[in-house]
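Subject: Structure for you to look through

Hello,

Here is the structure I said I would pass on. My notes on it follow below.

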Amino acid sequence: MCSIESSTFNQDEVDNIHLDLILKVIKIDLFGAKMSALTEINNNIEASNRISVNSYIPKEKLLDCLKSNEILSNLLRENLHQPQYVKKVARIVRFLLENDALSLGDLDEIWRTQTGRHDVIAQNVEFLIIQSVKYFSAKHLDQLFDSFKATLLGSPKQQQERVIRLIPRLVAEDPKGLAQNAATFLWELSIRPLLLPDINSAALEAHY
């Protein structure tokens, strides 16, 4: 997919054609098509950070397109077993975070995509979160740890243990930002009688 430029169109019209093409391709039910659309979105994201680039879609227009067309929701519906796909989605999530455009609902949707799924998808969603966590706001972190608590209280043991082992990996990415959330979470875990003793053991093994 390439940028569209022509003297017969003004730049805004070119951008709209470009976005329409991306939207059409991303909705095609083929992995290769979605990867091409993701690559084009990511190219535009990178270009939006370079002041001298004029042949790509402006940041504000790209953000509006991603949000108004619920592109993230579309991307989270399939192909999450493909690491290269998830890596490209992670770049979009980071772009949204960098521009205060990832809602708490978006974050909840990201977390829920791995619930009850096989290990490969769960691992890839964890990768997506790990890659993004240093850009989370305080509200995002609170939301994420609320999701962790819900998982511990209402999910199978395997998912509970995945949460426990995910936390130190997140803290390693952003020690300053997550230290308080992690400490509070582990303290609450240690005093909750509802949780199985072996889950508490998993927590100790993961963090000490």
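The second largest cavity holds about 40 Å³ of space. A cavity is a set of points on a 1 Å grid over the protein atoms alone where a 1.4 Å probe fits but cannot get out. Points are joined across faces, edges and corners, and the volume is the space filled by probe spheres set on the points. A search of the whole structure finds three cavities of 30 Å³ or more. Please keep in mind that this is a predicted model, in which local features need pLDDT of at least 70 and side-chain atom pairs count only at pLDDT 80 or more, while totals for chains, interfaces and linings use all residues. Residues are numbered from 1 along each chain as its sequence is written, and side-chain values use heavy atoms, with hydrogens and water left out.

The lining of the second largest cavity consists of L19, I22, L23, I41, L62, C65, L66 and I71; a lining residue has an atom within 4 Å of a point. The elements that give two or more residues to this lining are α1 (11-26) and α3 (59-68). Helices here are DSSP runs of H or I with at least four residues, numbered from the N terminus. By class, the lining has eight nonpolar, no polar and no charged residues. Nonpolar covers Ala, Val, Leu, Ile, Met, Phe, Trp, Tyr, Cys and Pro; charged covers Asp, Glu, Lys and Arg; the others, Gly among them, are polar.

I41, L62 and L66 also turn up where α2 meets α3. The axes of α2 (residues 31-48) and α3 come within 10 Å and cross at roughly 145 degrees. Axes are lines fitted to C-alpha atoms over the stretch in contact, and angles run from 0 to 180 degrees between N-to-C directions. The crossing is left-handed, meaning that the near helix is turned anticlockwise from the far one by less than a right angle (clockwise would be right-handed). From α2, I41, N44, I45 and S48 meet K59, L62 and L66 of α3, where contact means heavy atoms within 4.5 Å. That makes four nonpolar, two polar and one charged residues.

E70 has a positive phi of about 50 degrees although it is not a glycine. N79, in the loop between α4 and α5, also has a positive phi, near 65 degrees, and is not a glycine either. Most residues other than glycine have a negative phi.

The axes of α5 and α7 are 9 Å apart, at an angle of about 35 degrees, and their crossing is right-handed. Among the contact residues are K87 and A90 of α5 and F127, Q131 and S132 of α7.

A pocket is an open set of points with protein on both sides within 12 Å along at least five of seven lines. α5 (83-98) and α7 (119-132) each supply at least two lining residues, and the largest share, four residues, comes from α5. The lining divides into three nonpolar, two polar and four charged residues.

Regards
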